[in-house]
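Visitor: I have a model open and would like to learn how to read it. Where do we start?

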Amino acid sequence: MTANGNSGIFAFSEEKLSPSIYVYSFPELQLKNELKGGAQLDYTSLALSHGGPYLGSCSSLPDHIITVWNWENAEPLCSQPQAGQDVVSLAFNPMNWLQLCSLGTASLTVWNIAKSDTLHVFAQAKLHQSTRARLTPSAICWTATSKLYVGCAEGFLLLVDPESHSVSVLSNPTSTSPLNGYCINVYKHIKHQSVVHLQIKGSQINIAQTWKLERPVTTVMYSPDYKTLLFSSNTVTCLACCPVAHYAAVGTTTGKVLFIDLNQEQRPRLVHEVLLYHSAVDHLV
């Protein structure tokens, strides 16, 4: 599943042979289109562009195809077979939809989409880190200057420039989720977890605040005003904040979405719940 809050569009794929991708508008929940023929068995990742009606998809075996679609007319613009063997995440450059980053378990690739009239072609620019030790990328985030923050399983935070192919090591924390120059890092320990709020300016990183938590953290989310942080543990499958009101939506393993009133921070209050499906809710936006 993937979503774009700016355009009010979300998309998800089926779990069956020859699955389709369904594109819906929100909050109308109106079906915009059905995309067919991009996978034989399953999709491993989907991504919506920030500008224009474009969607990226990556299929599983046997073909491992990365495809960019125009979802308005259900047309595949370009595709690259056997390019997504280990891809776990796709992300369009928010400043330029003609750049798509694919994150693999052992590689990071930026695809430049060459466009001439109605013809679109993939051009690959695989990026290698410049440190001696081999690193395992685990999270990606585009910056406003078309660079990439890359979090690594070994605890490093990298800044990658796709144009110059340069890689800078910014810090040595564990699993990252950068937002607007700020980064929430979760240090994994045996008995507890330390959450560190970092401020990034160029290659300089300052520790703004540190918390120690008793339970493992699976999701970290800023409030819309960036003044409050919400944490969820592995007993909650996913979490999302409302951009216009003080409430959060919480997904559960039983398929329900719980809506929590957060006007009183010390006393969260359940105000509504809805059963979506008979399996766990994995993603909310």
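Visitor: Where does alanine 74 lie?

Guide: Alanine 74 sits in the loop between strand 7 and strand 8 (75-80). Strands here are DSSP runs of E with at least two residues, numbered from the N terminus. Residues are numbered from 1 along each chain as its sequence is written. This is a predicted model, where local features need pLDDT of at least 70, side-chain atom pairs count only at pLDDT 80 or more, and totals for chains, interfaces and linings use all residues, while side-chain values use heavy atoms, leaving out hydrogens and water.

Visitor: What is the phi of alanine 74?

Guide: Positive, at about 55 degrees, although alanine 74 is not a glycine. Glutamine 82 also has a positive phi of about 55 degrees, and is not a glycine. Glutamine 82 is in the loop between strand 8 and strand 9 (87-93).

Visitor: How exposed is glutamine 82?

Guide: Start with the classes. Buried means under 20% relative accessible area, exposed over 50%, and partly exposed in between (1.4 Å probe, protein chains only). Glutamine 82 has 41% relative accessibility, so it counts as partly exposed. Alanine 74, with 26%, is partly exposed.

Visitor: Is leucine 17 buried or exposed?

Guide: Exposed, because its relative accessible area is 62%. Leucine 17 lies in the loop between strand 2 (9-13) and strand 3 (21-25).

Visitor: Which residues form a nonpolar patch on the surface?

Guide: First, the rule. Patch residues have over 30% relative accessible area and no salt bridge; like charges are joined within 9 Å, nonpolar side chains (Val, Leu, Ile, Met, Phe, Trp, Tyr) within 5 Å. A salt bridge puts a side-chain nitrogen of Lys or Arg within 4 Å of a carboxyl oxygen of Asp or Glu. Here the patch is Leu17, Leu41 and Leu61, with about 300 Å² of accessible area together. Areas come from the Shrake-Rupley method with a 1.4 Å probe; for residues, only the protein chains shown count as cover.

Visitor: What kind of peptide bond runs from leucine 61 to proline 62?

Guide: A cis bond, with omega near 10 degrees. Proline 62 is in the loop between strand 6 (54-59) and strand 7 (66-70). Another cis peptide bond joins phenylalanine 26 and proline 27, with omega about 10 degrees.

Visitor: How do I read a sheet?

Guide: Strands of a sheet pair through backbone hydrogen bonds, either parallel or antiparallel. Pairing takes at least two DSSP bridges between two strands. In this model, four strands form an open antiparallel sheet in the order 23-24-25-26. Strand 23 (238-241) and strand 26 (269-275) are the edges, each pairing on one side only.

Visitor: How many bridges link strand 23 and strand 24?

Guide: Four, in the antiparallel sense. Alanine 240 stands opposite alanine 249 in strand 24.
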